[in-house]
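User: I have a model open and would like to learn how to read its features. Could you walk me through it?

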Amino acid sequence: MARFQVTDNIELVKFNREVVRKGTVVAGPYLIDKVDHYQVKWNDQDRVQIMCDLTSTKYHYRLS
């Protein structure tokens, strides 16, 4: 099940709780290889990027 919806404000966070970047979900989710993918407009960039909602040992995404 998708964790984020269009217009949600999200944060990319290091596991030490440092916010790396903030943005807004503009499209998605797209289920590719059983992983949710989203298009995100990051506040510090002029373009839209694709991000996948995977857990790693260093980073994770959360609602802001």
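This is a predicted model: local features need pLDDT of at least 70, side-chain atom pairs count only at pLDDT 80 or more; totals for chains, interfaces and linings use all residues.

User: Where is Asp53 found, and is Asp53 buried or exposed?

Analyst: Asp53 sits in the loop between β4 and β5. Buried means under 20% relative accessible area, so Asp53, at 19%, counts as buried. Leaving out residues up to four places away in sequence, Asp53 touches Arg3, Phe4, Val35, Asp36, Tyr38 and Tyr61.

User: How do I read the sheet, and what is the order of its strands?

Analyst: In general, strands of a sheet pair through backbone hydrogen bonds, either parallel or antiparallel. In this model, five strands form an open sheet in the order β4-β3-β2-β1-β5, with antiparallel pairing. β4 (48-52) and β5 (59-63) are the edge strands, each pairing on one side only. As one example of pairing, β1 (residues 9-14) and β2 (residues 19-32) share five bridges; Leu12 has Arg21 in β2 as its bridge partner.

User: Which residues make up the largest nonpolar core?

Analyst: Such a core joins buried nonpolar residues through side-chain atoms within 4.5 Å. The largest one has nine residues: Phe4, Ile10, Leu12, Val25, Tyr38, Val40, Trp42, Met51 and Tyr61. β3 (35-42) gives the most, with three residues. Tyr38 also touches Asp53, the residue we started with.

Methods. Residues are numbered from 1 along each chain as its sequence is written. Side-chain values use heavy atoms; hydrogens and water are left out. Two strands pair if DSSP finds at least two bridges between them. Helices (H or I, at least four residues) and strands (E, at least two) are DSSP runs, numbered from the N terminus. Buried means under 20% relative accessible area, exposed over 50%, partly exposed in between (1.4 Å probe, protein chains only). Contact means heavy atoms within 4.5 Å.
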